[in-house]
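Reader: Can you walk me through this one? I'd like the overall fold, then some detail.

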Amino acid sequence: MIVAVDLVHFYGQERVIDGISLQIAPGEFVALTGESGSGKSTLLSILSTLLHPDSGHIFIDGQSMETLKDPNRFRREYIGFVFQFHYLIPYLNIRENVALAAPKRSGEEIMELLERLGIGAIAHKMADEVSGGQRQRAAIARAVANGPRILFADEPTGNLDSKNSEKVFDLFRKIADEGTTLVVATHDRRLAERADRIIEIKDGRLV
Ligand SMILES: Nc1ncnc2c1ncn2[C@@H]1O[C@H](COP(=O)(O)OP(=O)(O)O)[C@@H](O)[C@H]1O
Ligand SMILES: [Mg+2]
């Protein structure tokens, strides 16, 4: 459960996040929508503990993010991230890219994950030899390889055509149905409809 209470964040004089409170249930698939500049990325960064809000509070599974003893460990164990650009290593194949992020997983476990996410057949291909959509699915595999309870994605289809965007959202659906909480920022309203719930933001406030 993610609980955010009265989040406020400024960039300079601009109140980019302007008093947002929300709750996201375990296993829920939430799409965060809003126009460019509305504050989606900032809110996502705050919810995912990457950015400290100027004021307000975040609790994840009852733990206050302000009093975490070891934030890096918490992120490692709890949270996965996917960004608009995949940031895979071009000199490694897909399997190696995912394995690198999950040193405790065996080769077999990594292959099982890739199969489950529909990219087993390209496991041996170099990251720069596969399509943008396949790369993005590999980035998602990498993000979930450690079994995070929450997966955050910021415009994960921003760089993809509609067919590949659909595939990425199919994959999110599957990951959510397996019990992971998903918070996905997208300005694509049609894709957002596929989430369990849409949270819309405008000028840093919930609509
Ligand atoms: N690092 C930053 N420094 C200054 N202003 C920023 C920074 N990041 C975002 N902003 C501003 O905050 C507002 C919200 O941006 P952002 O959260 O990126 O919105 P979105 O993801 O919805 O496009 C915009 O006006 C943007 O220019
Ligand atoms: Mg953004």
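Author: What follows goes from the whole chain to the sheets, a helix, the aromatic residues and a loop residue. This is a predicted model, in which local features need pLDDT of at least 70 and side-chain atom pairs count only at pLDDT 80 or more, while totals for chains, interfaces and linings use all residues. Residues are numbered from 1 along each chain as its sequence is written, chains are lettered from A and ligands numbered from 1 in the order in which they are written, and side-chain values use heavy atoms, with hydrogens and water left out.

Reader: How many helices and strands are there in the protein chain?

Author: The protein chain has seven helices and ten strands. Helices (H or I, at least four residues) and strands (E, at least two) are DSSP runs, numbered from the N terminus.

Reader: Why call it as compact as a globular protein of that length?

Author: The radius of gyration of the protein chain is 17 Å, close to the 17 Å from the globule rule for 207 residues, so the chain is as compact as a globular protein of that length. The radius is taken over C-alpha atoms, and the rule is 2.2 Å times the number of residues to the power 0.38. The C-alpha trace spans about 50 × 40 × 30 Å along its principal axes.

Reader: And what share of the residues is buried?

Author: Buried residues are 47% of the 207. Buried means under 20% relative accessible area, exposed over 50%, and partly exposed in between (1.4 Å probe, protein chains only).

Reader: How do strand 3 and strand 8 run, parallel or antiparallel?

Author: Strand 3 (residues 29–33) and strand 8 run parallel, joined by four bridges. Phe29 has Leu182 of strand 8 as its bridge partner.

Reader: What about the four-stranded sheet?

Author: That sheet is open too, with antiparallel pairing in the order 2-1-4-5. Strand 2 (14–24) and strand 5 (63–64) each have a single partner strand, so one side of each is left without a neighbour in the sheet. Strand 4 (residues 55–60) pairs with strand 5 over two bridges in the antiparallel sense, and Phe59 stands opposite Ser64 in strand 5.

Reader: How many of its residues are buried?

Author: Six of the eight residues of helix 1 are buried: Lys40, Thr42, Leu43, Leu44, Ile46 and Leu47. Thr49, which follows helix 1, has a positive phi, near 70°.

Reader: Different topic. How many aromatic pairs are there?

Author: The count is seven. Rings of Phe, Tyr and Trp (its six-membered ring) pair if their centres lie within 6.5 Å; planes under 30 degrees apart count as stacked, over 60 as edge-to-face and the rest as tilted. One of the pairs is Phe81 with Phe83: the centres are 6.1 Å apart and the planes at 10°, so this pair is stacked. In another, Phe169 and Phe172 have centres 5.5 Å apart and planes at 85°, so they are edge-to-face.

Reader: Where are Phe169 and Phe172?

Author: Phe169 and Phe172 are in helix 6, three residues apart, which separates them by about one helical turn. Phe169 is buried at 1% relative accessible area, and Phe172 is buried at 0%.

Reader: And Phe81 and Phe83, buried or partly exposed?

Author: Phe81 is partly exposed at 23% relative accessibility, as is Phe83 at 37%. Phe81, Phe83, Tyr87 and Phe152 form one aromatic cluster.

Reader: Last one. Where is Thr180 found?

Author: Thr180 is in the loop between helix 6 (162–177) and strand 8 (181–185). Thr180 is buried, with a relative accessible area of 14%. Beyond its neighbours within four places in sequence, Thr180 is in contact with residues including Gly27, Glu28, Pro148 and Ile175.

Terms used
Contact means heavy atoms within 4.5 Å. Two strands pair if DSSP finds at least two bridges between them.
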